[in-house]
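Reader: Hi! Could you walk me through the sheet in this one?
Author: Happy to, let's take a look together.

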Amino acid sequence: MMIKTTLQPRVTHLFFACALLASFVSHAATKVDVVKVKKQHAYQTLSVPASVAAKNNSELSFGVSGRLSSFEYDVGDSITANTTIARLDTRQIDASIESLNAQQASLKATLKDERQQLEELQSLAKTDFVAQSELRRARAAVAVAEADLAEVTARLNEREVNQDYHQLKVPFNAVIEGLPGFVQNSPKES
């Protein structure tokens with residue numbers, strides 16, 4: 001890359017070899033003109049150490065530990081904000097959610113039955129054909145079924161939130177800079 005500058009009355013070409021620390025997509029506030037390099041006699045050269053830093057830099061990690069099932073991108077790929085770039089194996093959490101869904105369905109059926117029994121006992125209680133203790137037990141059975149259903153629903157909601165932690169999303173527009181923690185194959189030494 002060449003940046004055209006002017007020193008004194010002469011035009012000078014200044015070459016920078018910049019190592020990009022991060023290559024996130026951003027708009028620089030400083031205006032820089034990029035021109036094609038052409039062979040020309042230099043009247044004066046000036047070497048200046050320079051570096052370019054990213055506007056945003058972020059190390060990403062999963063919210064839970066697990067086995068990596070897919071990594072969708074490679075170093076140098078541009079990515080838009082909120083894009084999923086990697087996923088962990090979700091078989092265990094999926095099975096847990098499926099089990100909790102089944103428990104929830106079972107508890108809903110139990111609660112419906114307990115409520116129906118309570119209604120029947122309340123109808124009979126009006127005619128004094130049922131003991132008050134039976135009515136209290138039916139009310140308690142409904143309360144227990146409601147509490148059991150609420151517990152399983154809360155555990156199901158927790159697992160569904162945990163399921164979202166099995167994917168890694170980019171928080172802003174970016175370019176993949178590196179893959180820390182990933183092992184790359186290298187040629188064997190002889």
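Author: First, a term: two strands pair if DSSP finds at least two bridges between them. Strands themselves are DSSP runs (E, at least two residues), numbered from the N terminus. This is a predicted model, where local features need pLDDT of at least 70, side-chain atom pairs count only at pLDDT 80 or more, and totals for chains, interfaces and linings use all residues. Residues are numbered from 1 along each chain as its sequence is written, and side-chain values use heavy atoms, with hydrogens and water left out.

Reader: Thanks! Which residue in β6 is the bridge partner of arginine 87?
Author: That is glutamine 167. β5 and strand β6 (residues 167-169) pair in the antiparallel sense over 3 bridges.

Reader: And what about β3 and β5, how many bridges there?
Author: Strand β3 (residues 68-71) pairs with β5 over 3 bridges, in the antiparallel sense. Leucine 68 has leucine 88 of β5 as its bridge partner.

Reader: So what order do the strands take in the sheet?
Author: The order is β3-β5-β6, an open sheet of 3 strands with antiparallel pairing. β3 and β6 are the edge strands, each pairing on one side only.

How values were computed:
Helices (H or I, at least four residues) and strands (E, at least two) are DSSP runs, numbered from the N terminus.
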